[in-house]
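Hello,

Here is the structure I promised to pass on to you. Please open it next to this message, and then read on for what turned up in it.

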Amino acid sequence: MKRLSWFNITSLTVGFAFLYLPMVILVIYSFNESKLVTVWAGFSTKWYGELLQNDAFLDAAWVTIKVAVISSTLATVLGTMAAYVLVRGGRFLGRTLFSGMIYAPLVMPEVITGLSLLLLFIGIGLDRGVLTIVLAHTTFSMCYVSVVVSSRLVSFDRSLEEAALDLGSSAWEAFRLVTLPLIAPAVIAGWLLAFTLSLDDLVIASFTAGPGATTLPIKIFSAVRLGVSPEINALSTIMIAIVTVGVISASLISKRNAVKAQKDARAAERAEA
Amino acid sequence: MPFFKERTIVSQTVFAPWDDPNQKPLIRFQNVTKRFGEFVAIDDLTLDIFAQEFFALLGPSGCGKTTMMRMLAGFESVTEGKIELSGADIGHVPPNKRAVNMMFQSYALFPHLSVWENIAFGLKRDRKSKAEIDARVDEMLKLTRLEKFSKRKPHQISGGQRQRVALARSLAKAPKLLLLDEPLGALDKKLRQDTQFELMDIQETTGTTFVIVTHDQEEAMTVASRVAVMDEGRIIQVATPANIYEYPNSVYVADFIGDVNIIQGTAAAKGPETYAITWADGQAPVTATSKTSFSEGQEAHLAIRPEKIGISAQKPENADNALQGKVLDIAYLGNLSTYHVQLPGGQIIKAQTANTRRIARRDITWEDPVWISWSATAGVLLAQ
């Protein structure tokens, strides 16, 4: 192990403190006995228990998950299709315009996206509820999916698709049997990104949510306006835990794959000898 | 080389359908032009390739050979003219409906499928029965000696094995025509030479027509029944390897295939089919025979292969052409040595000799005055 210099240790500490101190405080206070958020009165898990009794939060959590799963799935399908056409479609008329338009929503202020969707839904007389949030989330997260998938498609060896066609596949078979399995990691990454975006979106959801359907971020935001409660700390801690487990398992899986690929490469070298 | 010459003479018993006017070609390019925007990739090209040929498209990169192959596979459309396969125009047949398979330069093996599944891929697309697929894949594995590796993924086998998987996969559907795009480019030299003979064996066993694209002239000469030398979207010459080497039709071909000395000068008739070439001031003209006629004073290029030039310390007697020079450089290649001999005018002529004796006995060395000589029939006289 290399010894770290004082400078390195200091910058590491400051950097990580900057990133994680707020979350650490939040987690610590979620185990606070006292109802007052800023006064420590001993360890307790009672706020977690109360959280489970709070139907409003549970309903909102359920709506959020439902919206996230459906919208990220739709966004993945649409985003992958868009990426495929833009990367593979060759130079058709208006290609530059289309690819520009796919990426524009990435930099569009969320307020504008939310407002325009709201106007649209009112215009066509669609009642605001789960459906409208799903549509709104699909709309903005498909751009992210399309960015992730198209970057994979650009580096994808085109001759693999040609080989599939050459061996008698239709274009759809070539996509289903060759392209899709090989870009699957990017598609899954796109799905996860869309899922996360939908999970923590507040602005667009506030525009498109109706009285019957409130997502968790909206619920938390409106609850916090009445004062931060330890219950919310507990809820946030649970969310942090879920995200942490997800990130760690994802990196473990990719690390294992990398090790396996290395082993295979060594095996191939031995086969050569 | 004399062996090949013999082959072309007794053409009745030898495979040479291109000499038989009654033979129908398997592939016919008819005035095919291919443009990419302003760029002309293939320029009004006409060519016949016959069944069971091992046909090589040879040329520098950008000469259009890959475009020709991709048009045969169906990945590029034809701008003008037409391509026929067994007499039928295939211009509008998509790649998945052609009885043509291709072995890609990068092999394009499906990384997520095993060797077995890779080879079975095309057969499965034809909705063949499981028993049929099993039998055919096993046959292909056996042909390419891959039985032991059928369960492995492409990244778990060596480069040479991958090359064989790609070959097995493209042959599995028993295509009328197999296209090979630089099939041996990724292999090292030793393996490449072994694989060339393997390819020839497999081509003969299966009786499939092979069209190979390569920039390696040695490879083309080794494997092909006929070679087409291409440049800038045009075919310069189509002939058997021996004829391409011995009777190039232009300086371009002579220079592209193998090593050659070009002596440029003006021709003057000297006898029947014999010309004297005046090539430098103060030097005696050289004599060369030619079946094609040259007018008096016409510009001519005499192309002579280095191995057809003799080198000696004393002036050889009875040589048609003998010139004196000085050894500038010796390239020792083990089996051969190439002498770079500088003539008084400054021109350098390469002469090659087989090292039939051990090097210690070599009697010519650097800076030695030497004589180079060749017969009147050794070279080819070319107009351009």
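Two residues are taken to be in contact if their C-beta atoms, placed from the backbone, lie within 7 Å. With that in mind, residues 24 or more positions apart account for 65% of the contacts in chain B with a separation of 6 or more. Please remember as you look around that this is a predicted model.

Let me stay with chain B for a moment. Chain B has nine helices and 20 strands. Along the principal axes, its C-alpha atoms fill a box of roughly 80 × 50 × 45 Å. Of the 384 residues in chain B, 38% count as buried.

How is chain B divided into domains? The domain assignment gives domain 1, made of 17-99 + 175-254, and domain 2, which covers 259-382. Between the C-alpha centres of domain 1 and domain 2 of chain B there are 34 Å. Where these two domains of chain B touch, domain 1 contributes five residues and domain 2 contributes six residues. On the domain 1 side of that contact, four residues are nonpolar, one is polar and none is charged.

As background, strands of a sheet pair through backbone hydrogen bonds, either parallel or antiparallel. One pair to look at is strand 11 (residues 261-271) with strand 14 (residues 299-304) of chain B, which run in the antiparallel sense over six bridges. For a place to start, go to Asn261(B), which stands opposite Ile304(B) in strand 14 of chain B.

Finally, the meeting of the two chains. How many residues does each chain bring to the contact? Chain A brings 21 residues and chain B brings 23 residues. On the chain A side, helix 7 (158-166), helix 8 (171-200) and helix 11 (230-272) each supply at least two of the residues that touch chain B. That side of chain A divides into eleven nonpolar, four polar and six charged residues.

I hope this helps you find your way around. Do write back with any questions.

Best wishes

Definitions and conventions:
Residues are numbered from 1 along each chain as its sequence is written. Chains are lettered from A and ligands numbered from 1 in the order in which they are written. This is a predicted model: local features need pLDDT of at least 70, side-chain atom pairs count only at pLDDT 80 or more; totals for chains, interfaces and linings use all residues. Helices (H or I, at least four residues) and strands (E, at least two) are DSSP runs, numbered from the N terminus. Ala, Val, Leu, Ile, Met, Phe, Trp, Tyr, Cys and Pro count as nonpolar, Asp, Glu, Lys and Arg as charged, and the others, Gly among them, as polar. Two strands pair if DSSP finds at least two bridges between them. Domain bounds come from an automatic or database domain assignment. A residue is buried if 20 or more other C-beta atoms lie within 10 Å of its own, exposed if 12 or fewer, and partly exposed in between; C-beta atoms are placed from the backbone.
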